[in-house]
Amino acid sequence: MKSSSKIMLLAASLILIGLYFTPLWWIKLDAPQYPEGLGLYIWIDQITGQNPNDLKTINGLNHYIGMKIITPESIPELTLMPYIVGFLIVSGFLVTFLSDRNWLLVWIGIFLIVLVAGLVDFYLWEYDYGHNLNPDAPIKVPGMTYQPPLIGTKQLLNMRTTSLPYIGGALAGLSFLLAVIVWYREKRTTNISSKDAKNENVLVAH
């Protein structure tokens with residue numbers, strides 16, 4: 001593996017440290033009665049309000065339409081994610097040290113599984129909160145569900161709900177992209193070296 005590839009791969013691992021210090025995801029709620037908007041930040045180990053009282057306010061609104069109260073302490077994924085990210089960081093260092101393209105491919109595969117599983121789990125979490133409503137809720141709208149979009153914007157009653165990756169999500173995507181670029185560069189270098197060796201053998205034979 002070339003030195004520049006090792007540096008890029010090391011950077012891909014180090015970037016993931018940022019996930020401990022910035023949210024992965026951002027959910028924003030806009031409505032006429034909340035001109036400044038409400039928001040939630042989803043971290044690898046917690047859920048916080050965009051403003052100090054946003055989580056409490058959103059839970060109060062959820063109560064009226066029958067949605068579950070969001071209690072970060074009851075979400076097991078928030079306990080597991082710091083260890084999963086830690087595993088990716090440490091294993092990324094090891095792959096850099098091994099300097100082996102096949103091990104890099106394994107690391108990319110594990111990383112991809114983590115990313116896809118995270119998105120699927122987030123979708124299912126949103127589905128559960130948006131569909132499994134308390135039948136005794138003070139406000140009931142027949143046929144209405146309140147699942148936020150996975151990515152994008154959706155109107156839910158008078159709330160305009162936007163869900164997007166935040167800085168931590170962008171860092172995870174950048175880390176994955178860097179690793180894929182390194183693997184592609186190394187594969188291309190190996191293919192070119194193989195072709196050059198074949199051409200030299202042909203010239204010697206003639």
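Biologist: How many bridges join strand 4 to strand 5?

Modeller: The model is predicted: local features need pLDDT of at least 70, side-chain atom pairs count only at pLDDT 80 or more, and totals for chains, interfaces and linings use all residues. Residues are numbered from 1 along each chain as its sequence is written, and side-chain values use heavy atoms, with hydrogens and water left out. Strands (E, at least two residues) are DSSP runs numbered from the N terminus, and two of them pair if DSSP finds at least two bridges between them. Strand 4 (residues 152–156) and strand 5 (residues 159–165) run antiparallel, and the bridges joining them number five.

Biologist: Which residue in the turn between strand 4 and strand 5 has a positive phi?

Modeller: These strands form a hairpin with two residues between them. Within the pairing, T153 is opposite T162 of strand 5. In the turn, a positive phi of about 55° belongs to L157.

Biologist: Which residue of strand 3 stands opposite I42?

Modeller: Strand 2 pairs with strand 3 (residues 47–49) in the antiparallel sense over three bridges. The hairpin formed by strand 2 and strand 3 has four residues between the strands. Opposite I42 stands I47.

Biologist: What is the bridge partner of L29 in strand 2?

Modeller: Strand 1 (residues 25–31) pairs antiparallel with strand 2 (residues 34–42) over six bridges. A hairpin of two linking residues joins strand 1 to strand 2. The partner of L29 is L38.

Biologist: Why does I17 count as partly exposed?

Modeller: I17 lies in the loop between helix 1 (3–15) and strand 1. Partly exposed denotes the range between buried, under 20% relative accessible area, and exposed, over 50% (1.4 Å probe, protein chains only). I17 counts as partly exposed because its relative accessibility is 34%.
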